[in-house]
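Thanks, everyone. I have one structure to go through today, and I will keep it short. Please have a look at it first.

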Amino acid sequence: MSNRRTFIKQSFLGSVSLLGAAALNPLSAAIFKRNHTKITILHTNDVHSHIEPFPANDPKYPNLGGVARRAGLIDKIRTEEKNVLLLDAGDIFQGTPYFNKYGGELEFKLMSLMKYDAATIGNHDFDNGIDGFYKMLPHANFPFVNANYDFSNTILKNKIQPYKIFLKEGIKIGVFGVGVELEGLVDKKLYKETIYLNPIVKANETANHLKNKEKCHFIICLSHLGYEYKTNKVSDLVLAKENEYIDLIIGGHTHTFLDKPTTVRNKKNKITLINQVGWAGINLGRIDFFINSKNEAYYFSSEAIKINSKKKS
Amino acid sequence: MNKSRNLVLRFSFLIIVSLLFIECKPSVYTKTTQTSIALDSTYSNQKKIEELVIPYKTDLEKEMNEVLVISNDEFTREKGKPETKLGNLVADLSMEVAQKMYNGNIDFCMLNFGGLRTSLPKGEITRGKVFELMPFENELVVVTLSKEQFDTLISYIKNVGGQPIAGIKINFSTTPTQVKIKNRKNDKSLNTTYKVLTSDYLANGGDNMKFFLNPINYEKVGIKLRDAIIQYCVEQHAQGKQLTGKIEGRIIYE
């Protein structure tokens, strides 16, 4: 019921406020008789070991971010929403001395405590080498997904799956990952024999499998490709145009602060959304999807929730 | 009476139109908001997180809270500028520290903006802040380049819109581009070589600096970039100096 109410309020926007409640109620009952399921996607990217908030004297982000506050916020949303997925688009490592000193152990433990459902691998997650990443895996109780790095000649063989499927109230959600080209970005001695495969090809292959073989209703791509480039380097905007089945790309790498998701028409002339929430855990991304009885997403609302750790005075 | 009836009709029409919109186009409909949140600590997970962090934090703080130097300027991490105070600071200090350790004359230094990972505030600069600025374990190296490789380096700088440099000034507004290296006379001979101070990450082709990949010579200075920054800060402080920012037209486009 409360879901339904939110939906009415949000979808009619301005026109609702003009209407009297008496006029609205009988109509709303007729329109929204059919069921809908609400799926709440929460997401971060490029947190870069930012465990504590930025200090009060930071020139750009004073008091913003911080894992404890983010955990509190996620907790709060979990008490309000039934179907929450919490996802990260990579570059969990590197950026504060917590990583230099402990190698990512605390980052993974905290994400496990916050009950992250899945994450993908960013270029900086190789910063202590592929061995450094492998060594930290026991601290993560959530899976890493990637479909375009071939790890078969590395220590990560069979440790990384291309995708993971989640079931929420009968809605099948496929989550897969793609990563950025490593050559020229990461030292070869760090990523070793990891082979980078074309992310567009692998994304389409994986999404097609999720849609047509696994019969997923909803497909999310965790991407560390980057939002947009001036050159013709593959980005989320390119992937969005060139794919057929992805409903939502959760991006990273370029530290792009989007206030709202970008809407792109894909190859099937359907909508692929792209969202990214900057970096360092300054914002938590939230997108609520409403899925109709035909299991199609027909409405969404989004928020970029700024994590402000300033104590209430 | 008539007026209010008219209004009801108009509202009904609005509803029907909205309904049609939703029924016919079941794609997506967007509404976005941005919320700023300052939570109190009533959520249990928040407490658990704090408890998990504390032992790590205490251990780390002993080391990282040490104040290395005072800065009388803000050094902001900026994008899209050919020259920044932060870039100049790190390139200059790298030259200074490396030149003392390296046997021979270094022509100039080039780093990359992408590798400077945070802003430095005005006031106390802690060891932890330097770790945030330079979290990577990159080492300083001296790469000897041919004239041809050097020219590629200059056009690379032009194309990417600038990088942190020291000991060199480049003016792209003239044809041909004017390049002045502070520590040497203008040498136009084709056999001339250039000794460039950079990080091993960039020297190995990082940030697409492919001109570094087949150098005439490659020598390690013997210090990590982060340690060079720390050493410089400590020395400045010992001499009673503060960090001061400068912008001096090292790279000019117009």
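Predicted model: local features only at pLDDT ≥ 70, side-chain atom pairs only at ≥ 80, totals over all residues.

Chain A has 9 helices and 13 strands. Of its 313 residues, 49% count as buried. If we take the contacts in chain A with a separation of 6 or more, 74% of them are between residues 24 or more positions apart.

How many of its 8 residues are buried? The count is 6, so to speak a mostly covered strand by the definition used.

β6(A) has a partner in β5(A), residues 163-168, and the two run antiparallel, paired over 6 bridges. One bridge to pick out on the screen joins F166(A) to I173(A) in β6(A). The connection is a hairpin with 2 residues between the strands. In that turn, E169(A) has a positive phi of about 50°.

β6(A) also pairs with β8(A), residues 218-223, this time in the parallel sense, again over 6 bridges. Here G174(A) has I219(A) in β8(A) as its bridge partner.

Last, chain B. N103(B) sits in the loop that links α3 (85-101) to β3 (108-110). Is N103(B) buried or exposed? It counts as exposed, because it has 6 C-beta neighbours inside 10 Å, and the cut-off for exposed is 12 or fewer. Between N103(B) and K220(B) there are 117 residues of separation in sequence, and the C-alpha to C-alpha distance is 11 Å.

Key:
Residues numbered from 1 in each chain as written. Chains lettered and ligands numbered in written order. Helix = DSSP H or I, 4+ residues; strand = E, 2+ residues; numbered from the N terminus. Buried ≥ 20, exposed ≤ 12 C-beta atoms within 10 Å, placed from the backbone. Pairing = 2+ DSSP bridges. Contact = placed C-beta atoms within 7 Å.
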